[in-house]
Amino acid sequence: MTTPSESNNNNNNNNKRPRTQLSSDANDAASKHPHMAGAKAAIEEGIGEHGRKYGGGVRQLTEVEEQVISHEKEAEKIVDSLPADDDKVPEMNLYMPQSLKNVIFCGHLVTDLDSIAGAIGAAALYGGVPASASKINSETKFALDYWGVPTPTPIEELLKERPDAGVCLVDHQQTSQMNPAIQADNIVGVIDHHALQSKTIVTEKPIYIDIRPWGSMSTIVAHTYLTHSRRPPKHIAGMLLCAILSDTLNLQGPTTTEWDRLVVAVLADIAGVDDIDKLASKQFKAKSKELANMSAVNLVNGDRKTFTFEASGFSGEIGFAVVETTDDDAILSRVDELLPELVACKKEKGLECIFLAVVNIVKLHSQLLLCGPTERALAEATFGGKYLNDDQSLMDLGGRVSRKKDYIPYMTKTINGGWKRPMGRGPSTVDVSQLGTLAVDPNDPHGKVTRQGSTLGKKLDRLREEDEEKKMEMDDDDDLLTI
Ligand SMILES: [Mn+2]
């Protein structure tokens, strides 16, 4: 494999998104690689280039679509170099640790998709048994169902049957994250992508260690398949793919590396994914059943699409994020955390407007988060919904539930009807230094992406206070949020 440069994806200021070109080479490759690294659907629809979607609004490629398209050729070359089936695996000189044969592969407690998929992938690769360290979450269940993979047996049960079995820890190496049924003496290996901190396991004998600073443990497993000229079976490729998307926040998280991007394109080809964006958003839907486990960054970026408008009164890009959940009260309690994140995302992505719709998928109604006066004006003109809180940052959208059918077409109508942003709004007073940076807490087994060092929340509080004062002075319902 060629070596991509190891750079983290901190380039959040790509206001100008690259537009896709479908070359004749790509047309040739299409017959051999019909899935186009997972971007078939996007390329065929002409999204980001020719597509005139939703009337006047043109949907841009999502981050994950852009990434797989830019790695498509390299990924296809790699897939071509693999034998078509495992019977024809060539003799190889690469080290395959015999100590991992027949062992149990187990991820961390409060287990997640990377831990489960990584255990399944590693067990298939090294010849062992996957285990679950704790009850699986809704996102993991989605991936297992989607790829038709049985849920791994709990580690306690496996160790009851085979108390002396070797254990290879995946996606963790700290004792605090280890299932207590695992004895330190039984550990024969670690495959992980977390920092080595104070609670790292201590072993008597040397063990197999594979720790790499990549976005997901599943990327390491997939890469080992490739370096050993092994083609992961379709369902394993699919599981690993979903796990990388999960840990890297659809390749947008700060820990994402070039290897994660390339391996996602390779796995999408092998797993036969035509529409990677659809897969990512289905997975996000499953995940958002458990809102408590998601950071504001994840909620704003998990299923956000960008639309470009060029109308007489307004031109520019509008971001529209959707969170589908069974528990929208959980969102209402986090509005103060979500508004600054929306403002930060708007600034970083160079958007004119950003919306977040919270859809209750049981009651089939939705609420719209509004982080500034432009958003409020556009939402009022489009939906005319009633505000649900004093500072007018939450609007009731009634029975509207679909971005494709209920939100964007009507917003497009408003904009094409000559809508203009509210008068007297100066340029945004947010500067980049207020945004903080995206980070992954090294102590969090989920690798949750959070924003640190942002002062936007404080600014929000201050503006609210100022607004209260102003209201008392003038009894004028001036715009509250000028950020
Ligand atoms: Mn992980």
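Predicted model: local features only at pLDDT ≥ 70, side-chain atom pairs only at ≥ 80, totals over all residues.
Of the contacts between residues at least 6 apart in sequence, 71% join residues at least 24 apart.

**Helix α10 and its two partners**

- From α9, the contact draws on K234, A237, G238, L240, L241, I244 and L245, while α10 brings D260, V263, V264, L267, A268, I270 and A271.
- Sorted by class, that contact between α9 and α10 has 11 nonpolar, 1 polar and 2 charged residues.
- Helix α8 (residues 217–227) is another partner of α10 (residues 258–271): these two pack at an angle of about 65°, with axes 10 Å apart.
- The crossing of α8 and α10 is left-handed.
- On the α8 side you will find T219, A222, H223 and L226, which meet W259, D260, V263, V266 and L267 of α10.
- The residues of the contact of α8 with α10 divide into 6 nonpolar, 2 polar and 1 charged.

**Loops beside these helices**

- S229 sits in the loop between α8 and α9.
- Its phi is near 55°, which is a positive value in a residue other than glycine.
- S229 counts as partly exposed because it has 14 C-beta neighbours inside 10 Å.
- L249 belongs to the loop between α9 and α10.
- L249 is not a glycine either, yet its phi is positive, at about 55°.
- Is L249 buried or exposed? L249 is buried, because 26 other C-beta atoms lie within 10 Å, and the cut-off for buried is 20 or more.

**The six-stranded sheet**

- An open sheet is formed by 6 strands in the order β1-β8-β9-β10-β11-β12, and its pairing is mixed.
- Its edge strands are β1 (58–59) and β12, each of which pairs on one side only.
- β1 pairs with strand β8 (residues 304–310) in the antiparallel sense, over 2 bridges.
- In that pairing, R59 stands opposite F307 of β8.
- Helix α14 (residues 335–349) packs on the sheet and touches β9 (315–325), β10, β11 and β12.
- The direction of α14 makes about 140° with that of β10.
- Helix α15 (residues 373–383) also packs on the sheet, where it touches β10, β11 and β12.
- The direction of α15 makes about 55° with that of β10.

**Strand β11 and its neighbours**

- Strand β10 (residues 353–360) and β11 run antiparallel and are joined by 6 bridges.
- If you want a pair to locate by eye, F355 has L370 of β11 as its bridge partner.
- The hairpin of β10 and β11 has 4 residues between the strands, and L364 there takes a positive phi near 55°.
- β11 is also joined to strand β12 (residues 394–396), by 3 bridges, and these strands run antiparallel.
- Across that pairing, Q367 stands opposite D396 in β12.
- Why is β11 described as largely enclosed by the rest of the structure? The reason is that 5 of the 6 residues of β11 (residues 365–370) are buried.

- Just after α15 comes G384, with a positive phi of about 55°.

Notes: Residues numbered from 1 in each chain as written. Contact = placed C-beta atoms within 7 Å. Axes fitted to C-alpha atoms, helices over the stretch in contact; angles between N-to-C directions. Left-handed = near helix turned anticlockwise from the far one by under 90°. Nonpolar A, V, L, I, M, F, W, Y, C, P; charged D, E, K, R; others polar. Buried ≥ 20, exposed ≤ 12 C-beta atoms within 10 Å, placed from the backbone. Pairing = 2+ DSSP bridges.
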